[in-house]
There are 2 protein chains.
Amino acid sequence: MILDTHIDPAKLTRATRVSNEIRDAIIAGKMRPGAKVNLDQLRDEYGVSLSPIREAISRLVADRLVEFEDKKGFRIVPLCTANLLEITRLRADFEALALKHAIAIGTLEWESKIPAAIHHMNNSTGTRQAAAHDLFHASLVRGCAMPMLRDLCLMLGNLHKRYANILNYDGAGRDMAGEHAAIAEAALARDAELGPTLLARHIERTGNDLSALFEKHAKDLK
Amino acid sequence: MILDTHIDPAKLTRATRVSNEIRDAIIAGKMRPGAKVNLDQLRDEYGVSLSPIREAISRLVADRLVEFEDKKGFRIVPLCTANLLEITRLRADFEALALKHAIAIGTLEWESKIPAAIHHMNNSTGTRQAAAHDLFHASLVRGCAMPMLRDLCLMLGNLHKRYANILNYDGAGRDMAGEHAAIAEAALARDAELGPTLLARHIERTGNDLSALFEKHAKDLK
DNA sequence: TAATGTAAAATAATCGATTAATGTCAAGCC
DNA sequence: GGCTTGACATTAATCGATTATTTTACATTA
């Protein structure tokens, strides 16, 4: 592992464990966008009581994966064009801002994780490559000393990933490795203009591709 | 009310009502930064069971007012210089971005709320003026069609407000009315350069004043 | 037929109690 | 003295059951 903060699994509560599992399931597209969340069903599925289930789901509201309304309960946030556009816009701006700061103040420790992440990406496939791609973005942002901003970048990355998973987006037609390499190179060269710009473009390209795919498949998803 | 979305109080659950009350209390500085949150005590204080109390508090984690750690419980987030700087930086950037968008796409409905908010601010005092000031910032951002960004602006505004309340900041030495008027004027003139710039400066000035006050009083708050 | 009312079913919210884990503190040991 | 150890107190996590509310299905009526 390159970036993981190792956490003793015994320290996790049921609520945390279940929350993480459900988060992954939603991002993977295994829970239908717009669907009501049935807590009783999840209780059976995960074999824990309602309290931790409720707590688990309610944490995902902050991640913008679940919506909540008093006395109506929870539902998986629906997909829509406006939402996808906002995610793209914010993610591009926020990651660019974070990278700019990282370039300004990032340590050697920060730098060294970037080529490592690139190497992982280029030498893995499938699920592992997707995870490596996440780690690449996280590694760029990691040097910036703004924890709230870092969390926001992570959150927005997850939201993009959900669209990508549901739309079966695989970056076809793009020189992904080349884009990543250029971003990494600019970051390591501490180019505070080029790095963030390339990163923003990289994200906008993903967003545009996702939007195009979404428009095409929008009817099937309704 | 200028901006309030009217909500039937009977529709609120205990968890929501208590969450809002505790949020206000933390922002008002009535709960000591860094303090452990004692759920049993809150249970007595608010006269409801642990479930809604726990849910109420846990929602404030997303607002960055409360921190949580598995099996350790909740604590009021501490004040610190780095945190204040990040809030300032992000709030300035985010509100400027939101205003830029509002200027680009805001409706007449959006425009009209701005002078109204100014008028309220200039004709009220104390708590009511503070509320009017919040509404002014909300009214600027409101025209932008990015709900996540709007929520983030609200959250960051609340975080600034907590520092301001705890540090007894009242904007002394500033021509607040003048700053607001200039921002409003640029917004209404649809100046997508000047408006966001003035707004960012306005926020940065607040942030700088808060930082100065915080450095001065940091020892008393430990 | 469309609108309205209503009883039953489903779901959400909350409670009180139990279980599990952590933090405290004083006795014993080096 | 400073450091472990273990009983005790405190707090966190979870459970199962109860209560309140909404949703659904169906019958009634204008």
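I started with the second largest pocket and sorted its lining by class: eleven residues are nonpolar, two polar and nine charged. For my tally, Ala, Val, Leu, Ile, Met, Phe, Trp, Tyr, Cys and Pro count as nonpolar, Asp, Glu, Lys and Arg as charged, and the others, Gly among them, as polar.

A note on ground rules before I go on. This is a predicted model, where local features need pLDDT of at least 70, side-chain atom pairs count only at pLDDT 80 or more, and totals for chains, interfaces and linings use all residues. Residues are numbered from 1 along each chain as its sequence is written, chains are lettered from A and ligands numbered from 1 in the order written, and side-chain values use heavy atoms, with hydrogens and water left out.

**Entry 1: the pocket**

I looked up the volume of the second largest pocket and found about 530 Å³. A pocket here is an open set of points on a 1 Å grid over the protein atoms alone, where a 1.4 Å probe fits, with protein on both sides within 12 Å along at least five of seven lines; lining residues have an atom within 4 Å of a point. The volume is the space filled by probe spheres set on the points, which are joined across faces, edges and corners.

Which residues lie nearest the centre of this pocket? I noted Asp93(A), Leu97(A), Arg89(B), Asp93(B) and Leu97(B), out of 22 lining residues. The elements giving two or more residues to the lining are α4 (81-105) and α9 (194-217), from chain A and from chain B. Helices are DSSP runs (H or I, at least four residues), numbered from the N terminus.

**Entry 2: DNA strand C**

I then counted 19 residues around DNA strand C, with Lys36(A), Arg54(A), Lys71(A), Arg14(B) and Ser49(B) coming nearest. (Near means that a heavy atom of the residue lies within 4 Å of the strand.) Sugar and phosphate make up 88% of the atoms of DNA strand C that come within 4 Å of the protein.

Next I checked polar contacts, meaning pairs of N or O atoms within 3.5 Å.

**Entry 3: DNA strand D**

Where does a side chain meet a base nitrogen of DNA strand D? I found an N or O atom in the side chain of Ser51(A) 3.2 Å from a base nitrogen. A polar backbone atom of Ser49(A) lies 2.4 Å from a phosphate oxygen of DNA strand D.

**Entry 4: the axis**

Finally I superposed the chains by least squares on the C-alpha atoms of residues with pLDDT of at least 70 in both. A rotation of 180 degrees, with 0.0 Å of shift along its axis, puts chain A on chain B (RMSD 0.0 Å). The two copies are therefore related as by a two-fold rotation axis. In chain A, the C-alpha of Ala62(A) is nearest the axis, 2.8 Å from it.

Key: A polar contact is a pair of N or O atoms within 3.5 Å; within protein, one must be able to donate a hydrogen and the other to accept it, and residues adjacent in sequence count only if both atoms are side-chain atoms.
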